[in-house]
Amino acid sequence: YQTQVRLEWPEQDVTGYADALVNDMLVYEFKSKHSRSFWYMRDQREGPSLHNQMQLWLALKILDKPEGRLVYVSKDDLSILEYIVFLKNESLEEATMEELRVLNLAWKEKIPPRPIKDVKDWRNRWCRWHQSCLTQSEYLD
């Protein structure tokens, strides 16, 4: 196995690391969550977070691997949930590539992407730049 596998996709201006590559076949991403969030995710059958799936999909694309594992660990009791992510998942590919398009355009134009206004979206509550984006004239309705 290899840990901290370097990822680079210059055409999409993407760089980063995958957590692990096992037997040169399976890419792993590990995420920790507080137990309340962890058990809610399992009990509500909501599955893994889309942004975590997109991160793993990017690693699969860059490393040209057919599938990977998204592993969540509960911080409080060390319980584990594991989800499979496939490179051939077309809806995940579409969502990831659209996100990259938005981010690359924002970088090029030097204007942040539109802030998330949906209060149920985790980014609305936890993004540390959300309030500053909402005050920019580009986003005032």
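**Strands, helices and core**

Guide: Val-71 has Glu-82 of E5 as its bridge partner. This is a predicted model, in which local features need pLDDT of at least 70 and side-chain atom pairs count only at pLDDT 80 or more, while totals for chains, interfaces and linings use all residues. Residues are numbered from 1 along each chain as its sequence is written, and side-chain values use heavy atoms, with hydrogens and water left out.

Visitor: How many bridges join E4 to E5, and are the strands parallel or antiparallel?

Guide: E4 and E5 run antiparallel and are joined by seven bridges. Strands (E, at least two residues) and helices (H or I, at least four) are DSSP runs numbered from the N terminus, and two strands pair if DSSP finds at least two bridges between them. Five residues lie between the strands in this hairpin, where Leu-78 takes a positive phi near 60°.

Visitor: And in which sense does E3 pair with E4?

Guide: Strand E3 (residues 26-33) pairs with E4 in the parallel sense, over seven bridges. Val-27 stands opposite Gly-68 in E4.

Visitor: Why is E4 described as largely enclosed?

Guide: Six of its eight residues are buried, so E4 is largely enclosed by the rest of the structure. Buried means under 20% relative accessible area, exposed over 50%, and partly exposed in between, with a 1.4 Å probe and protein chains only.

Visitor: Which residues have the most contacts inside the largest nonpolar core?

Guide: They are Val-27 and Tyr-72, in a core of 24 residues. Such a core is a set of buried Ala, Val, Leu, Ile, Met, Phe, Trp, Tyr and Cys residues joined through side-chain atoms within 4.5 Å. H2 supplies the largest share of this core, seven residues.

Visitor: What about H3, how far does it reach?

Guide: Helix H3 (residues 90-109) has 20 residues and reaches 28 Å from its first C-alpha to its last, close to the 28 Å expected at 1.5 Å a residue. The expected span is 1.5 Å times one less than the number of residues.

Visitor: Which H3 residues are buried, and which are exposed on the face turned away?

Guide: Leu-92, Thr-96, Leu-100 and Ala-106 are buried in H3. They cover an arc of only 130° around the axis, which puts them on the same side of H3; the arc is that of the directions from the helix axis to the C-beta atoms. The face turned away from the buried side carries the exposed residues Glu-90, Ser-91, Glu-94 and Lys-108.

Visitor: How many aromatic pairs does a search of the whole structure find?

Guide: The search finds three aromatic pairs. In one of them, the rings of Tyr-28 and Phe-30 have centres 5.8 Å apart and planes at 10°, so the pair is stacked. Rings of Phe, Tyr and Trp (its six-membered ring) pair if their centres lie within 6.5 Å; planes under 30 degrees apart count as stacked, over 60 as edge-to-face and the rest as tilted.
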